[in-house]
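Trainee: I would like to learn how to read helix packing and pockets. Can we work through an example?

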Amino acid sequence: EICVYAADNSGTGVCALPDATTTDATGSQIVKENINQMCVWSVVGAKEPDLWWHYLIEFRLCRNKKNKSMRDCGQSALDVVSRIDKTAFANCVENETRTLSNMKSNLDRMANEQVFTASLTVNSIRQDFSLNG
């Protein structure tokens, strides 16, 4: 399971390869967490970017140290960063899951601007690189 498809039956889908550093993260779970992170930014990022960073750090700590699922770590990070408006967050996730419009427009923008990222994983350590075309 590597894709998430829009709930509006438009056929729009976003896919990701499973995380090479873990055995339990499917591509669709990675896409769903990307939606979560995008919605945290949408709800608090422009006003309080530290909350977005706090969410990302809590999520990564949970994945690295507690060995929980992506879904559980997303929920745990959301609980820890208590100043995020949970209703606004849930509405954002629901709206984005329905259409995938923001995910699609971000991917289209990256392709149009010829911005690509590459990553290298050695001994379970991932290094991301940005490649501008």
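Trainee: Which residues in H2 meet which residues in H3?

Mentor: Bear in mind that this is a predicted model. From H2 come His54, Tyr55, Glu58, Phe59, Cys62 and Arg63. They meet Met70, Cys73, Gly74, Ala77, Leu78 and Val80 in H3. By class, this contact has 8 nonpolar, 2 polar and 2 charged residues.

Trainee: At what angle do H2 and H3 pack?

Mentor: Read the angle together with the axis distance. H2 spans residues 49-66 and H3 spans residues 70-80. They pack at about 135°, with axes 8 Å apart. Angles over 145 degrees count as roughly antiparallel. H2 and H3 are therefore oblique to each other. The crossing of H2 past H3 is right-handed.

Trainee: How are H1 and H3 placed?

Mentor: Their angle is about 15°, and their axes are 10 Å apart. That makes H1 roughly parallel to H3. This crossing is right-handed. Gln29, Ile30, Glu33 and Val40 in H1 meet Met70, Gly74 and Leu78 in H3. The contact divides into 4 nonpolar, 2 polar and 1 charged.

Trainee: Now the pockets. What is the volume of the second largest pocket?

Mentor: Start with the idea. Rolling a probe the size of a water molecule over the atoms shows where empty space is left. Here, the second largest pocket has a volume of about 330 Å³.

Trainee: Which residues lie nearest its centre?

Mentor: Lys32, Glu33, Asn36, Met70 and Arg71, out of 16 lining residues. The lining comprises 7 nonpolar, 6 polar and 3 charged residues. H1 (27-45), H3 and H4 (86-99) each supply at least two of the lining residues.

Terms used
Residues are numbered from 1 along each chain as its sequence is written. This is a predicted model: local features need pLDDT of at least 70, side-chain atom pairs count only at pLDDT 80 or more; totals for chains, interfaces and linings use all residues. Side-chain values use heavy atoms; hydrogens and water are left out. Axes are lines fitted to C-alpha atoms, for helices over the stretch in contact, and angles run from 0 to 180 degrees between N-to-C directions. Helices (H or I, at least four residues) and strands (E, at least two) are DSSP runs, numbered from the N terminus. Angles under 35 degrees count as roughly parallel, over 145 as roughly antiparallel, 65 to 115 as roughly perpendicular and the rest as oblique. A crossing is left-handed if the near helix is turned anticlockwise from the far one by less than a right angle, and right-handed if clockwise. Contact means heavy atoms within 4.5 Å. Ala, Val, Leu, Ile, Met, Phe, Trp, Tyr, Cys and Pro count as nonpolar, Asp, Glu, Lys and Arg as charged, and the others, Gly among them, as polar. On a 1 Å grid over the protein atoms alone, a cavity is a set of points where a 1.4 Å probe fits but cannot get out, and a pocket is an open set with protein on both sides within 12 Å along at least five of seven lines; lining residues have an atom within 4 Å of a point. Grid points are joined across faces, edges and corners, and a volume is the space filled by probe spheres set on the points.
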